[in-house]
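Please look over the model shown here before reading on. The paragraphs below go from the whole chain to single residues.

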Amino acid sequence: MSNLFPNAQPRTQAPYRFDIVGSFLRSEAIKKARHQCSCGDISCADLTQVEDEEIAKLVTQQKNVGLHAVTDGEFRRTFWHMDFLAALDGVEEIDAEKFSVQFKHHDVRPKTLKIIDKIDFSESHPFVEHFRSVQKIANGTEVKFTIPSPSMLHLITNVRATDYVPIPRYENNNSLLLDDIANAYIKAMNIFYKLGCRNLQLDDTSWGEFCAEDKRKTYKERGLDLDQIAKDYVYMLNKIADAKPEDLALTMHICRGNFRSTWFSAGGYEPVAETLFGTCRVDGFFLEYDSDRAGDFKPLRFIKDQQVVLGLVTSKDGALENRDDIIARIKEVTQYVDINQLCLSPQCGFASTEEGNILTEEQQWAKLEFIRSIAEEVWGK
(Lines give C-alpha, C1' and ligand atoms only; values in the text may rest on other atoms or scores of the structure.)
Protein backbone atom coordinates (compact mmCIF):
# COMPACT_ATOMS: atom_id res chain seq x y z
CA MET A 1 0.00 0.00 0.00
CA SER A 2 1.32 3.44 -0.94
CA ASN A 3 2.09 6.01 1.75
CA LEU A 4 0.89 8.69 -0.65
CA PHE A 5 -2.41 6.89 -1.26
CA PRO A 6 -3.21 4.97 1.96
CA ASN A 7 -6.74 4.07 0.80
CA ALA A 8 -5.72 2.81 -2.65
CA GLN A 9 -6.81 -0.74 -3.46
CA PRO A 10 -6.06 -3.20 -6.30
CA ARG A 11 -8.84 -3.91 -8.77
CA THR A 12 -9.96 -7.35 -9.93
CA GLN A 13 -12.19 -6.40 -12.88
CA ALA A 14 -11.78 -4.37 -16.06
CA PRO A 15 -10.62 -1.72 -16.44
CA TYR A 16 -7.58 -2.70 -14.37
CA ARG A 17 -5.18 -0.49 -12.40
CA PHE A 18 -2.54 -1.43 -14.98
CA ASP A 19 -4.17 -1.50 -18.38
CA ILE A 20 -3.57 -0.88 -22.09
CA VAL A 21 -5.48 0.74 -24.92
CA GLY A 22 -4.97 -2.25 -27.19
CA SER A 23 -2.82 -1.99 -30.32
CA PHE A 24 0.84 -3.06 -30.52
CA LEU A 25 3.63 -2.51 -33.02
CA ARG A 26 3.27 -5.01 -35.84
CA SER A 27 6.04 -7.59 -35.96
CA GLU A 28 8.25 -7.84 -39.03
CA ALA A 29 6.69 -11.22 -39.83
CA ILE A 30 3.21 -9.64 -39.90
CA LYS A 31 4.35 -6.76 -42.09
CA LYS A 32 6.05 -9.11 -44.54
CA ALA A 33 3.10 -11.51 -44.73
CA ARG A 34 0.57 -8.72 -45.25
CA HIS A 35 2.69 -7.31 -48.07
CA GLN A 36 3.09 -10.74 -49.68
CA CYS A 37 -0.65 -11.38 -49.43
CA SER A 38 -1.48 -7.99 -50.99
CA CYS A 39 0.84 -8.83 -53.89
CA GLY A 40 -0.66 -12.29 -54.35
CA ASP A 41 2.52 -14.08 -53.32
CA ILE A 42 0.84 -15.94 -50.45
CA SER A 43 -2.79 -16.88 -49.81
CA CYS A 44 -5.18 -15.39 -47.27
CA ALA A 45 -4.94 -18.68 -45.37
CA ASP A 46 -1.15 -18.32 -45.25
CA LEU A 47 -1.52 -14.78 -43.89
CA THR A 48 -3.96 -15.97 -41.24
CA GLN A 49 -1.49 -18.62 -40.11
CA VAL A 50 1.26 -16.01 -39.71
CA GLU A 51 -1.15 -13.73 -37.84
CA ASP A 52 -2.10 -16.60 -35.48
CA GLU A 53 1.57 -17.34 -34.75
CA GLU A 54 2.47 -13.69 -34.15
CA ILE A 55 -0.59 -13.01 -32.00
CA ALA A 56 0.30 -16.06 -29.87
CA LYS A 57 3.77 -14.56 -29.28
CA LEU A 58 2.21 -11.19 -28.46
CA VAL A 59 -0.24 -12.72 -25.98
CA THR A 60 2.65 -14.43 -24.19
CA GLN A 61 4.54 -11.12 -23.98
CA GLN A 62 1.45 -9.37 -22.57
CA LYS A 63 1.07 -12.05 -19.91
CA ASN A 64 4.75 -11.77 -19.05
CA VAL A 65 4.50 -8.01 -18.54
CA GLY A 66 1.69 -8.58 -16.03
CA LEU A 67 -1.44 -7.56 -17.91
CA HIS A 68 -4.70 -9.00 -16.57
CA ALA A 69 -6.34 -8.92 -20.00
CA VAL A 70 -4.66 -9.36 -23.39
CA THR A 71 -5.49 -8.16 -26.90
CA ASP A 72 -4.62 -9.39 -30.39
CA GLY A 73 -2.70 -6.13 -30.82
CA GLU A 74 -5.02 -5.34 -33.76
CA PHE A 75 -2.57 -7.45 -35.81
CA ARG A 76 -5.31 -8.42 -38.29
CA ARG A 77 -6.21 -4.80 -39.08
CA THR A 78 -4.80 -2.10 -41.30
CA PHE A 79 -6.61 0.66 -39.40
CA TRP A 80 -8.04 0.80 -35.88
CA HIS A 81 -11.54 1.70 -37.10
CA MET A 82 -11.97 1.34 -40.87
CA ASP A 83 -11.71 -2.47 -40.95
CA PHE A 84 -14.59 -2.88 -38.49
CA LEU A 85 -16.86 -0.11 -39.78
CA ALA A 86 -16.48 -0.98 -43.46
CA ALA A 87 -17.58 -4.57 -42.75
CA LEU A 88 -20.88 -3.52 -41.14
CA ASP A 89 -23.99 -4.27 -43.15
CA GLY A 90 -25.05 -1.16 -45.07
CA VAL A 91 -21.58 0.44 -45.11
CA GLU A 92 -19.13 0.68 -47.97
CA GLU A 93 -15.50 1.81 -47.95
CA ILE A 94 -14.74 4.17 -50.81
CA ASP A 95 -11.75 6.04 -52.13
CA ALA A 96 -11.46 9.71 -51.24
CA GLU A 97 -9.34 12.62 -52.40
CA LYS A 98 -7.91 12.81 -48.90
CA PHE A 99 -8.43 11.21 -45.48
CA SER A 100 -11.25 12.73 -43.41
CA VAL A 101 -8.86 14.47 -40.99
CA GLN A 102 -5.41 15.97 -41.43
CA PHE A 103 -2.63 14.70 -39.16
CA LYS A 104 0.35 16.85 -38.26
CA HIS A 105 3.31 16.07 -40.55
CA HIS A 106 1.89 12.88 -42.12
CA ASP A 107 -0.71 11.98 -44.74
CA VAL A 108 -3.00 8.99 -44.23
CA ARG A 109 -4.25 6.63 -46.94
CA PRO A 110 -7.31 8.36 -48.48
CA LYS A 111 -10.30 6.15 -47.68
CA THR A 112 -13.69 7.02 -46.27
CA LEU A 113 -17.09 5.39 -45.62
CA LYS A 114 -20.52 5.68 -47.18
CA ILE A 115 -23.89 4.45 -45.89
CA ILE A 116 -25.61 2.56 -48.71
CA ASP A 117 -28.28 0.53 -46.85
CA LYS A 118 -29.72 -0.15 -43.40
CA ILE A 119 -26.94 -0.35 -40.80
CA ASP A 120 -26.71 -3.79 -39.19
CA PHE A 121 -24.28 -6.38 -37.84
CA SER A 122 -24.10 -9.98 -39.06
CA GLU A 123 -22.31 -13.02 -37.69
CA SER A 124 -20.36 -13.08 -40.96
CA HIS A 125 -18.55 -9.90 -39.88
CA PRO A 126 -14.80 -10.77 -39.87
CA PHE A 127 -14.33 -9.49 -36.31
CA VAL A 128 -16.45 -12.39 -35.03
CA GLU A 129 -13.75 -14.78 -36.20
CA HIS A 130 -11.07 -12.36 -34.95
CA PHE A 131 -12.50 -12.59 -31.44
CA ARG A 132 -13.01 -16.34 -31.61
CA SER A 133 -9.39 -16.74 -32.63
CA VAL A 134 -7.79 -14.56 -29.95
CA GLN A 135 -10.05 -16.12 -27.31
CA LYS A 136 -8.63 -19.51 -28.26
CA ILE A 137 -5.04 -18.21 -28.36
CA ALA A 138 -5.41 -16.56 -24.92
CA ASN A 139 -6.21 -20.01 -23.49
CA GLY A 140 -8.10 -18.89 -20.38
CA THR A 141 -6.58 -15.44 -19.92
CA GLU A 142 -9.15 -12.66 -20.21
CA VAL A 143 -9.33 -11.07 -23.66
CA LYS A 144 -9.86 -7.37 -24.11
CA PHE A 145 -11.51 -6.71 -27.47
CA THR A 146 -11.36 -3.28 -29.09
CA ILE A 147 -13.69 -1.91 -31.74
CA PRO A 148 -14.39 1.65 -32.92
CA SER A 149 -17.17 3.51 -31.16
CA PRO A 150 -20.58 3.79 -32.87
CA SER A 151 -20.00 7.55 -32.90
CA MET A 152 -17.22 7.05 -35.46
CA LEU A 153 -19.58 5.77 -38.15
CA HIS A 154 -21.85 8.78 -37.79
CA LEU A 155 -18.89 11.16 -37.51
CA ILE A 156 -17.20 9.96 -40.69
CA THR A 157 -20.32 9.71 -42.84
CA ASN A 158 -22.45 12.59 -41.50
CA VAL A 159 -20.20 15.13 -39.75
CA ARG A 160 -16.78 15.10 -41.38
CA ALA A 161 -18.29 14.48 -44.80
CA THR A 162 -19.41 17.66 -46.56
CA ASP A 163 -21.36 15.79 -49.24
CA TYR A 164 -23.54 13.44 -47.16
CA VAL A 165 -26.75 12.44 -48.90
CA PRO A 166 -28.92 10.10 -46.78
CA ILE A 167 -30.43 6.98 -48.28
CA PRO A 168 -34.26 7.05 -48.29
CA ARG A 169 -34.46 5.16 -44.97
CA TYR A 170 -32.57 7.90 -43.16
CA GLU A 171 -33.80 10.95 -45.05
CA ASN A 172 -35.02 13.51 -42.47
CA ASN A 173 -34.71 10.75 -39.85
CA ASN A 174 -31.38 11.01 -38.05
CA SER A 175 -32.92 9.38 -34.96
CA LEU A 176 -33.57 6.18 -36.94
CA LEU A 177 -29.94 6.20 -38.10
CA LEU A 178 -28.76 6.55 -34.49
CA ASP A 179 -31.02 3.68 -33.41
CA ASP A 180 -29.91 1.42 -36.26
CA ILE A 181 -26.23 2.05 -35.44
CA ALA A 182 -26.79 1.41 -31.73
CA ASN A 183 -28.81 -1.75 -32.42
CA ALA A 184 -26.06 -3.06 -34.72
CA TYR A 185 -23.57 -2.58 -31.89
CA ILE A 186 -25.87 -4.31 -29.41
CA LYS A 187 -25.99 -7.29 -31.79
CA ALA A 188 -22.20 -7.27 -32.07
CA MET A 189 -21.77 -7.00 -28.30
CA ASN A 190 -24.11 -9.92 -27.66
CA ILE A 191 -22.34 -12.10 -30.24
CA PHE A 192 -18.94 -11.33 -28.72
CA TYR A 193 -20.38 -11.98 -25.26
CA LYS A 194 -21.69 -15.42 -26.25
CA LEU A 195 -18.18 -16.24 -27.48
CA GLY A 196 -16.76 -15.30 -24.07
CA CYS A 197 -16.07 -11.55 -24.27
CA ARG A 198 -16.28 -9.82 -20.89
CA ASN A 199 -14.09 -6.79 -21.68
CA LEU A 200 -15.14 -4.62 -24.65
CA GLN A 201 -13.60 -1.24 -25.47
CA LEU A 202 -15.03 1.36 -27.85
CA ASP A 203 -12.36 3.57 -29.44
CA ASP A 204 -13.42 7.11 -30.29
CA THR A 205 -11.80 10.23 -31.76
CA SER A 206 -15.05 12.20 -32.11
CA TRP A 207 -14.77 13.62 -28.59
CA GLY A 208 -11.20 14.71 -29.25
CA GLU A 209 -12.48 16.68 -32.24
CA PHE A 210 -15.34 18.16 -30.22
CA CYS A 211 -12.77 19.43 -27.69
CA ALA A 212 -10.79 21.32 -30.35
CA GLU A 213 -11.76 24.97 -30.75
CA ASP A 214 -10.64 25.15 -34.39
CA LYS A 215 -12.74 22.13 -35.32
CA ARG A 216 -15.73 23.39 -33.32
CA LYS A 217 -15.51 26.67 -35.23
CA THR A 218 -15.34 24.90 -38.60
CA TYR A 219 -18.31 22.65 -37.82
CA LYS A 220 -20.34 25.61 -36.52
CA GLU A 221 -19.66 27.52 -39.75
CA ARG A 222 -21.09 24.53 -41.63
CA GLY A 223 -24.27 24.79 -39.54
CA LEU A 224 -23.62 21.75 -37.35
CA ASP A 225 -24.72 21.80 -33.70
CA LEU A 226 -21.91 19.93 -31.93
CA ASP A 227 -23.63 20.09 -28.54
CA GLN A 228 -26.64 18.24 -29.97
CA ILE A 229 -24.40 15.78 -31.83
CA ALA A 230 -22.59 15.07 -28.54
CA LYS A 231 -25.94 14.32 -26.89
CA ASP A 232 -26.85 12.06 -29.83
CA TYR A 233 -23.61 10.13 -29.40
CA VAL A 234 -24.19 9.67 -25.67
CA TYR A 235 -27.71 8.49 -26.53
CA MET A 236 -26.23 5.72 -28.71
CA LEU A 237 -23.60 4.81 -26.13
CA ASN A 238 -26.16 4.64 -23.33
CA LYS A 239 -28.51 2.51 -25.40
CA ILE A 240 -25.63 0.03 -25.80
CA ALA A 241 -24.53 0.30 -22.15
CA ASP A 242 -28.07 -0.28 -20.89
CA ALA A 243 -28.35 -3.43 -23.03
CA LYS A 244 -25.06 -5.00 -21.95
CA PRO A 245 -24.84 -8.10 -19.75
CA GLU A 246 -24.04 -7.20 -16.15
CA ASP A 247 -20.67 -8.97 -16.11
CA LEU A 248 -19.41 -7.31 -19.31
CA ALA A 249 -17.11 -4.31 -18.78
CA LEU A 250 -17.83 -1.67 -21.44
CA THR A 251 -15.24 1.08 -21.67
CA MET A 252 -14.40 3.89 -24.08
CA HIS A 253 -11.02 5.23 -25.18
CA ILE A 254 -10.95 8.88 -26.21
CA CYS A 255 -8.15 9.96 -28.52
CA ARG A 256 -6.92 13.03 -30.40
CA GLY A 257 -5.37 11.02 -33.21
CA ASN A 258 -2.54 8.52 -33.35
CA PHE A 259 -0.84 7.93 -36.71
CA ARG A 260 2.92 7.41 -36.88
CA SER A 261 3.29 9.30 -33.58
CA THR A 262 1.30 12.31 -34.82
CA TRP A 263 -2.11 13.76 -33.87
CA PHE A 264 -4.91 15.79 -35.46
CA SER A 265 -6.73 17.64 -32.65
CA ALA A 266 -5.94 19.48 -29.45
CA GLY A 267 -7.97 20.93 -26.61
CA GLY A 268 -9.05 20.08 -23.06
CA TYR A 269 -12.17 18.03 -22.24
CA GLU A 270 -14.19 20.96 -20.87
CA PRO A 271 -16.45 21.49 -23.95
CA VAL A 272 -17.76 17.91 -23.70
CA ALA A 273 -17.14 17.04 -20.05
CA GLU A 274 -20.60 17.59 -18.59
CA THR A 275 -22.37 15.73 -21.40
CA LEU A 276 -19.84 12.92 -21.70
CA PHE A 277 -18.53 12.33 -18.18
CA GLY A 278 -21.74 13.40 -16.48
CA THR A 279 -24.27 11.38 -18.50
CA CYS A 280 -22.51 8.53 -20.38
CA ARG A 281 -23.06 5.20 -18.62
CA VAL A 282 -20.01 3.25 -19.76
CA ASP A 283 -17.97 1.53 -17.04
CA GLY A 284 -14.81 3.48 -17.67
CA PHE A 285 -13.01 6.08 -19.77
CA PHE A 286 -9.49 5.67 -21.12
CA LEU A 287 -8.36 9.31 -21.34
CA GLU A 288 -5.42 10.82 -23.17
CA TYR A 289 -3.40 12.93 -20.71
CA ASP A 290 0.20 12.63 -21.91
CA SER A 291 0.62 16.21 -23.15
CA ASP A 292 -0.80 19.71 -22.76
CA ARG A 293 -2.99 19.01 -25.81
CA ALA A 294 -5.40 17.31 -23.39
CA GLY A 295 -5.69 20.27 -21.01
CA ASP A 296 -5.97 20.04 -17.23
CA PHE A 297 -7.83 17.61 -14.97
CA LYS A 298 -10.63 19.97 -13.93
CA PRO A 299 -13.18 18.53 -16.42
CA LEU A 300 -12.98 15.27 -14.44
CA ARG A 301 -15.17 16.91 -11.79
CA PHE A 302 -18.13 15.68 -13.87
CA ILE A 303 -17.15 12.01 -13.52
CA LYS A 304 -19.85 9.98 -11.76
CA ASP A 305 -19.11 6.35 -10.84
CA GLN A 306 -17.04 5.45 -13.92
CA GLN A 307 -13.43 4.33 -13.70
CA VAL A 308 -10.95 6.77 -15.22
CA VAL A 309 -7.90 5.19 -16.85
CA LEU A 310 -5.28 7.91 -17.00
CA GLY A 311 -3.20 7.90 -20.18
CA LEU A 312 -0.30 9.73 -18.54
CA VAL A 313 2.42 7.77 -20.36
CA THR A 314 2.75 8.51 -24.05
CA SER A 315 2.79 5.81 -26.71
CA LYS A 316 4.08 8.28 -29.30
CA ASP A 317 7.79 8.05 -28.41
CA GLY A 318 10.08 5.67 -26.55
CA ALA A 319 11.49 7.96 -23.86
CA LEU A 320 10.33 7.04 -20.37
CA GLU A 321 8.58 9.72 -18.37
CA ASN A 322 9.71 10.82 -14.90
CA ARG A 323 8.25 8.44 -12.34
CA ASP A 324 7.74 11.10 -9.66
CA ASP A 325 5.97 13.33 -12.16
CA ILE A 326 3.50 10.57 -13.04
CA ILE A 327 2.74 9.87 -9.37
CA ALA A 328 2.35 13.60 -8.71
CA ARG A 329 -0.15 13.85 -11.55
CA ILE A 330 -2.15 10.92 -10.17
CA LYS A 331 -2.19 12.77 -6.85
CA GLU A 332 -3.44 15.90 -8.64
CA VAL A 333 -6.34 13.98 -10.22
CA THR A 334 -7.56 12.87 -6.78
CA GLN A 335 -8.82 16.43 -6.26
CA TYR A 336 -11.64 15.44 -8.63
CA VAL A 337 -11.83 11.63 -8.70
CA ASP A 338 -11.33 9.10 -5.88
CA ILE A 339 -8.06 7.15 -6.05
CA ASN A 340 -10.03 3.90 -6.35
CA GLN A 341 -11.77 5.18 -9.49
CA LEU A 342 -8.40 5.70 -11.16
CA CYS A 343 -6.21 3.38 -13.25
CA LEU A 344 -3.11 3.86 -15.41
CA SER A 345 -2.34 3.05 -19.06
CA PRO A 346 -0.49 4.38 -22.08
CA GLN A 347 -2.21 7.39 -23.66
CA CYS A 348 -3.11 5.37 -26.77
CA GLY A 349 -2.22 2.18 -28.57
CA PHE A 350 1.27 1.75 -30.00
CA ALA A 351 0.02 1.18 -33.56
CA SER A 352 -3.42 2.55 -34.38
CA THR A 353 -2.54 1.73 -37.98
CA GLU A 354 -0.31 -0.99 -39.34
CA GLU A 355 2.50 1.55 -39.85
CA GLY A 356 2.86 1.95 -36.06
CA ASN A 357 4.26 4.73 -33.92
CA ILE A 358 7.91 5.79 -34.02
CA LEU A 359 9.44 3.72 -31.23
CA THR A 360 10.97 0.27 -30.96
CA GLU A 361 9.37 -2.92 -29.64
CA GLU A 362 11.83 -2.83 -26.73
CA GLN A 363 10.68 0.69 -25.87
CA GLN A 364 7.05 -0.40 -26.16
CA TRP A 365 7.52 -3.13 -23.55
CA ALA A 366 9.64 -0.86 -21.34
CA LYS A 367 6.73 1.59 -21.28
CA LEU A 368 4.40 -1.15 -20.03
CA GLU A 369 6.88 -2.34 -17.39
CA PHE A 370 7.13 1.29 -16.23
CA ILE A 371 3.34 1.67 -15.99
CA ARG A 372 2.95 -1.67 -14.19
CA SER A 373 5.56 -0.73 -11.57
CA ILE A 374 3.84 2.59 -10.85
CA ALA A 375 0.41 0.95 -10.65
CA GLU A 376 1.76 -1.57 -8.17
CA GLU A 377 3.36 1.17 -6.10
CA VAL A 378 0.14 3.21 -6.01
CA TRP A 379 -2.56 0.52 -5.73
CA GLY A 380 -0.64 -2.63 -4.77
CA LYS A 381 -0.62 -5.92 -6.68
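This is a predicted model: local features need pLDDT of at least 70, side-chain atom pairs count only at pLDDT 80 or more; totals for chains, interfaces and linings use all residues.

Residues are numbered from 1 along each chain as its sequence is written, and side-chain values use heavy atoms, with hydrogens and water left out.

The protein chain has 12 helices and 10 strands, taken as DSSP runs (helices H or I, at least four residues; strands E, at least two) numbered from the N terminus. Its C-alpha trace spans about 60 × 50 × 45 Å along the principal axes.

Of the 381 residues, 57% are buried (under 20% relative accessible area, with exposed over 50% and partly exposed in between; 1.4 Å probe, protein chains only). Among contacts (heavy atoms within 4.5 Å) between residues at least 6 apart in sequence, 78% join residues at least 24 apart.

Turning to the backbone, the peptide bond from A14 to P15 is cis, with omega near -5 degrees. P15 lies in the segment before α1 (28-38).

N139, in the loop between α4 (126-138) and β4 (142-143), has a positive phi near 50 degrees. N139 counts as exposed because its relative accessibility is 67%. N172 has a positive phi of about 55 degrees although it is not a glycine, and sits in the loop between α5 (150-160) and α6 (174-194). With 79% relative accessibility, N172 counts as exposed.
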